[in-house]
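Hi there,

Here is the structure I promised to pass on. Have a look at it first, and my notes follow below.

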Amino acid sequence: MSEEEGWAAVLARAGVPWDAWSGLVVWGRSGGLAELSEQVAAVGGCTRPVRLAGTVRSFSASTGELVGEYETGKGPAGGLLVACGSRHAGVCPSCARRWRGDTWWLVLAGMVGGKGRAAAVRSHPRVFLTLTAPSFGVVHTRRTGVDGRVRPCRARRDWPVCVHGEPAWCGLRHGEHDPELGAPLCAGCYDWAGLVLWNAHAGALWNRWSVQTGREIGRLSGRTAAAVRAAVKVESTRVAEMQARGAVHLHAIVRADSGRDPDTGPPAWLSPELLAEAAIGAARRVRLEADVPGLGEWVLRFGEQIEAHPIPPGADDGQERRLASYLAKYVTKETAAGLERPIGGAGEIPLLGVAPHVRALVGTAWRLGSLPGLAELKLRRWAHQYGYRGPVATRSRRYSASLAALHADRVAYRRQQAARTGDDRLAPVGMPGQTVTVPALRLSRIGLDAAGGWLAEQARTARDDARRVGREEIERDLGPDAA
Ligand SMILES: [Zn+2]
Ligand SMILES: [Zn+2]
Ligand SMILES: [Zn+2]
């Protein structure tokens, strides 16, 4: 049997698809397969990594002497692979999962401790809060009755019509993935601009809510604002859910700490119930005015549907983990952030393969983006998120760690691993802070070929297995015994 036939037999046993064979055989023979699979694993099995070519040099911080050099072009990957970082599972399931996993950790750590927060935060008052957008007109919805059966969308006995002659009712029982869901019954009656402006101000409304919550705590407890500020600090993490109608809803975990230190609780008079009441009161009170020259005035506020549920302290029935999963799922939900990437020009909008009402929202944001009075909202930059500029998930500074801190942990771990295996490509020489790394890299290609794609799939499977084991360990650690 020739060498090539030997490889072919190995690959056939491994279930490698045909189109990946030739590349793997070539690398297998030249000895580069191990390096390629290592690089693919290092980017977490990303399906379309960015390939950078060039050199990375490390210099000693004290003497300026060159202490390490790595040239990317020499390896079989033809460059240094960097994960694409997409949050859209349809684009890169691997990177989307990483986003979701990181968000899960950061949300959970703020409730139970870890990632820099003490376990004591678990006894602080904590509230699960949902803030919705108001109505901008009647839209098609899917409703289920108490019996679980789907109800008619907008049933009306009198079959009314709007001023445009469009039916103001809908007798359909919409399917779960009906593209009509979220579309207005009449496009002429709908407040498209109001919705885009609301999205664009959701972050500012949240900031006002945050300040107002402190005032409400004072009002409800009969204390001055200054006394509350000295004794209590409210920390939170929030996630934006993009609804089918294109309006952002905010889901948050809110936690009260002492005024001086996030790891000690607030005074005993501040109960979880009082925190929940203050959060609701603040959400009902805050408002913003948007005066658009030539278009009119909008008063922006949260919708009627505001919910705040205290999270019982110490009652470990898995609720904290369920809440973390609930919030994390919005980070990678297909519609989480609207469309995948920013709109490049007005000509792209009619060609978008999306529901007509989504296209109308993108178009509205694009048009409003030309108004000088709204320049600071950068609506064209954010037209693909229907005006929403905020991050999909964010935290106040002391809620738990940051995504950047998690990323730094991961890099440090990889360097440790690299040092152990003698792989000097990414590992800095010496201790962090003692060397300066100067990359001189340019983008050479995006994506993997068939062979790299197959290796990425292997890396994902291996990681999913490892993660399942890890998840079981967490279940044990956070189980009733640990509470
Ligand atoms: Zn990716
Ligand atoms: Zn309908
Ligand atoms: Zn109408």
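The protein has 11 helices and 13 strands; helices (H or I, at least four residues) and strands (E, at least two) are DSSP runs, numbered from the N terminus. This is a predicted model, in which local features need pLDDT of at least 70 and side-chain atom pairs count only at pLDDT 80 or more, while totals for chains, interfaces and linings use all residues. Residues are numbered from 1 along each chain as its sequence is written, and chains are lettered from A and ligands numbered from 1 in the order in which they are written.

Of the 483 residues, 33% are buried. A residue is called buried if 20 or more other C-beta atoms lie within 10 Å of its own, exposed if 12 or fewer, and partly exposed in between, with C-beta atoms placed from the backbone. Among contacts between residues at least 6 apart in sequence, 69% join residues at least 24 apart; two residues are in contact if their C-beta atoms, placed from the backbone, lie within 7 Å.

Now the core. The largest nonpolar core holds 90 residues, and Val127, Val196, Ala279, Leu361, Ala365 and Leu379 have the most contacts inside it. Helix α5 supplies the largest share of this core, 12 residues. At least three residues come from each of domain 1 (32-89 + 404-477) and domain 2 (118-136 + 191-395), the bounds being those of an automatic or database domain assignment. By nonpolar core I mean a set of buried Ala, Val, Leu, Ile, Met, Phe, Trp, Tyr and Cys residues joined through C-beta atoms within 7 Å. In soluble globular proteins, nonpolar side chains tend to be buried together.

Leu197 counts as buried because it has 25 C-beta neighbours inside 10 Å. Leaving out residues up to four places away in sequence, Leu197 touches Ala290, Trp298, Leu300 and Gly387.

Ala279 leads us to helix α7, where it is one of the buried residues, together with Pro272, Leu275, Ala276, Ala278, Ala282 and Ala283. These residues cover an arc of only 165° around the axis, so they sit on the same side of α7; the arc is that of the directions from the helix axis to the C-beta atoms. Their cover includes β4 (126-131), α5 (192-221), β8 (248-258) and β11 (306-310). Ala279 itself is in contact with Val127, Leu129, Thr213, Val254 and Ala308, setting aside neighbours within four places in sequence. Helix α7 (residues 272-285) has 14 residues and reaches 20 Å from first C-alpha to last, close to the 20 Å expected at 1.5 Å a residue. That expected span is 1.5 Å times one less than the number of residues in the helix.

Helix α4 (residues 93-112) has 20 residues and reaches 28 Å, close to the 28 Å expected. Because 14 of its 20 residues are buried, α4 is largely enclosed by the rest of the structure. After α4 comes Gly113, with a positive phi near 95°.

On to the strands. Nine of the 11 residues of β7 (residues 232-242) are buried, so this strand is largely enclosed by the rest of the structure. β7 pairs with β8 in the antiparallel sense over 11 bridges, where strands pair if DSSP finds at least two bridges between them. Ala240 has Leu250 in β8 as its bridge partner. Five residues lie between the two strands of this hairpin, and Gly246 takes a positive phi near 95° there. β7 is also joined to β12 (residues 393-395) by three bridges, again running antiparallel, and Arg238 stands opposite Thr394 in β12.

Arg395, also in β12, counts as buried because it has 23 C-beta neighbours inside 10 Å. Arg395 touches Leu106, Gly110, Thr237 and Ser400, not counting residues up to four places away in sequence.

Trp159 is not a glycine, yet has a positive phi of about 45°; it is exposed, with 9 other C-beta atoms within 10 Å. Lys378, likewise not a glycine, has a positive phi of about 50°, and is partly exposed, with 14 other C-beta atoms within 10 Å.

Best wishes
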